[in-house]
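Colleague: I would like to go through this model with you, strand by strand and helix by helix. Please put it up and I will ask as we go.

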Amino acid sequence: MRFISTRGGMVPTNFTDVLLSGLAPDGGLIVPESIPEVTRTQLERLRSLSYPELAAKIISLYATDIPTHDLAALTGAAFGPDHFPPPVVPVRTLNNVAEGLALVGLSEGPTMAFKDLAMQFLGQVIPYILRHGGRVLNVLGATSGDTGSAAEHAFRGQDGVAIFMLSPKDRMSDVQRAQMYSLNDTNIHNIAVNGVFDDCQALVKAINSDAAFKSTYSIGAVNSINFGRIAAQIVYYVWAWLRISDGLDSSDRAGHAMDVVVPSGNFGNIYAGHLARSMGVPIRRLVLATNENNVLDEFFSTGVYRPRGSAETLATSSPSMDISKASNLERFIWQLLGPKEFRHRWLDLETTGVLDLSDQLTRLSAEFGFISGSSSHRDRLEAIRRVHTATGTFIDPHTADGVTVALRTMEVGFPTLILETAKAAKFGETVKEALGAEQMQTPEITDLLGRAQHVVTIANAEEPLRAIIEAAALRT
Ligand SMILES: *Cc1c(COP(=O)(O)O)cnc(C)c1O
């Protein structure tokens with residue numbers, strides 16, 4: 001399997017090289033040259049596998065340059081009991097909320113959000129690649145909460161990798177802050193910036209545009225456009241279908257396609273679902289859920305993609321979806337239009353800020369199965385209450401956006417699976433607001449919040465950041 005750039009300016013490369021690069025050198029996104037196919041017979045053969053075993057099989061379709069027994073060892077470590085309690089991804093029915101509704105538990109990992117599932121895989125495979133090449137990597141990133149903590153927990157204590165993670169000072173939840181700053185591993189560097197998330201991102205961009213500095217200090221990224229993360233996310237779509245069809249006899253399985261509802265921001269999670277569907281996993285519809293920042297809902301309901309700036313991006317109670325420019329969407333649009341047409345029309349977006357694909361609107365749903373919806377703060381509170389009343393289960397505000405859109409779009413006779421993108425306890429404030437006096441704080445969280453924190457605060461400027469990297473970066 002080889003990988004190319006959506007913009008056409010990269011020599012085809014293999015999976016292990018893709019893992020260590022972010023954007024393609026021409027500024028495009030890296031995509032697989034073709035999509036591997038999984039037949040129904042092959043799917044049936046995967047039914048008896050554990051999650052780590054399934055992950056090795058699915059990822060191997062893309063990671064053709066990693067020997068299969070090495071890959072099995074890597075997924076065994078990534079999805080082992082140290083990081084995820086078996087079965088790793090529980091699928092629970094919500095029939096009491098609505099017949100046919102189920103919750104796919106993606107947030108059982110160390111930082112209580114779905115990003116652990118992809119990041120723990122990178123936390124194994126990247127050190128493996130570095131070891132083989134005698135290389136080191138200094139990961140420089142910016143986080144508004146979930147990505148940074150998932151990355152730090154995946155790479156803590158790993159040889160050959162150091163993490164320099166910028167976060168906006170005083171702008172994360174207490175739990176997010178504690179998950180990051182309580183780590184005291186020597187390869188983890190928490191840097192709080194006196195500024196907002198966009199300032200942190202601008203600093204990362206500034207350092208990355210200094211090619212000499214970047215290469216001297218072996219600086220890289222593990223952000224949401226990394227294809228390794230996408231590959232690892234495909235696995236749970238396959239897993240979810242296998243689990244909901246477990247009880248059926250084989251003649252019923254044949255026609256059993258599911259709808260999957262995905263709380264979305266950067267289009268990374270649902271793009272993995274799109275690949276799973278294209279590979280042959282029985283997904284009828286991919287239902288994209290947004291909050292008030294509804295750029296993607298607008299795209300899938302009108303065909304017009306109009307990214308917004310940070311000034312137009314609202315701060316909502318599902319903050320990990322407060323995104324108005326979905327970096328992974330380029331991958332899907334490239335496939336929708338084909339390479340030639342893509343290059344021509346993508347220019348529109350760069351020159352006018354708008355990409356009008358309303359001529360493709362019917363294909364989005366008819367051919368690719370996408371539909372969408374958005375939710376509000378009130379909807380979120382209502383969904384948290386409704387699920388708790390019917391089942392006793394606590395859901396987080398992002399998953400609640402999924403529940404809201406699921407209840408509006410689901411159709412009788414089709415199983416509707418909502419991806420649980422975070423645990424309620426991680427966003428306890430909003431859950432408390434919905435449920436009144438309910439106590440969200442588990443003993444684990446009380447313990448986490450009480451631990452000593454390790455963070456260096458810097459001004460919103462390049463110089464102090466460079467100084468920290470120069471002093472602490474790993475060198476070969
Ligand atoms: C990152 C995140 C999302 C959005 O996922 P994308 O892949 O960016 O679409 C949704 N919910 C939670 C809790 C997240 O951390």
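Colleague: How many residues of strand β14 are buried?

Modeller: This is a predicted model, so the answers hold for the prediction. Strand β14 spans residues 416-420 and is mostly covered. T416, I418 and E420 point one way from the strand, L417 and L419 point the other way, and all are buried. The count of buried residues in β14 is five of five.

Colleague: In which order do the strands lie in the open sheet with mixed pairing?

Modeller: Two of the pairings involve β14. Strand β4 (residues 101-105) runs parallel to β14 and is joined to it by five bridges, with L101 opposite T416. Strand β9 (residues 258-263) is also parallel to β14, over three bridges. The six strands of this sheet take the order β3-β4-β14-β9-β10-β13.

Colleague: Which strands stand at the edges of that sheet?

Modeller: An edge strand here has a single partner strand, so one side of it is left without a neighbour in the sheet. From one strand to the next, the twist averages 25°. The strands at the edges are β3 (91-93) and β13 (370-374).

Colleague: Which residue of β14 is the bridge partner of V261?

Modeller: The pairing of β9 with β14 is parallel and has three bridges. In β14, the partner of V261 is I418.

Colleague: At what angle does helix α13 run to β13?

Modeller: Helix α13 covers residues 295-302. This helix lies across β10 (283-290) and β13. Its angle to β13 is about 135°.

Colleague: Which are the edge strands of the five-stranded open sheet?

Modeller: The order of the five strands is β8-β5-β6-β7-β15, with parallel pairing. Strand β7 (residues 188-193) pairs with β15 over three bridges, and I191 has V456 as its bridge partner in β15. The strands that pair on one side only are β8 (219-220) and β15 (456-458).

Colleague: At what angle does helix α6 run to β6?

Modeller: Helix α6 (residues 146-155) lies across two strands, β6 (161-168) and β7. Its angle to β6 is about 160°.

Colleague: What is the handedness of the crossing where α7 passes α20?

Modeller: The axes of α7 (residues 174-181) and α20 (residues 443-450) come within 9 Å and cross at roughly 65°. D174, V175, A178 and Q179 of α7 make the contact with I445, L448 and L449 of α20. By class, these are five nonpolar, one polar and one charged residues. The crossing is left-handed.

Colleague: Where do the axes of α12 and α14 stand, in crossing angle and distance?

Modeller: Helix α12 covers residues 268-279 and helix α14 covers residues 329-337. The contact is made by Y271, H274 and S278 of α12 and R331, F332 and Q335 of α14. Sorted by class, that is two nonpolar, three polar and one charged residues. The axes cross at roughly 35° and come within 10 Å.

Colleague: Why is α14 described as largely enclosed by the rest of the structure?

Modeller: The buried residues of α14 are L329, E330, R331, F332, I333, W334, L336 and L337. Just after the helix, G338 takes a positive phi of about 85°. Helix α14 is largely enclosed because the buried residues number eight of nine.

Colleague: Is A383 buried or exposed?

Modeller: A383 sits in helix α17 (residues 377-391). Leaving out residues up to four places away in sequence, A383 touches I395, A400, V403 and T404. The relative accessibility of A383 is 5%, and the cut-off for burial is under 20%, so A383 counts as buried.

Terms used. Residues are numbered from 1 along each chain as its sequence is written. This is a predicted model: local features need pLDDT of at least 70, side-chain atom pairs count only at pLDDT 80 or more; totals for chains, interfaces and linings use all residues. Side-chain values use heavy atoms; hydrogens and water are left out. Axes are lines fitted to C-alpha atoms, for helices over the stretch in contact, and angles run from 0 to 180 degrees between N-to-C directions. Helices (H or I, at least four residues) and strands (E, at least two) are DSSP runs, numbered from the N terminus. A crossing is left-handed if the near helix is turned anticlockwise from the far one by less than a right angle, and right-handed if clockwise. Contact means heavy atoms within 4.5 Å. Ala, Val, Leu, Ile, Met, Phe, Trp, Tyr, Cys and Pro count as nonpolar, Asp, Glu, Lys and Arg as charged, and the others, Gly among them, as polar. Two strands pair if DSSP finds at least two bridges between them. Buried means under 20% relative accessible area, exposed over 50%, partly exposed in between (1.4 Å probe, protein chains only).
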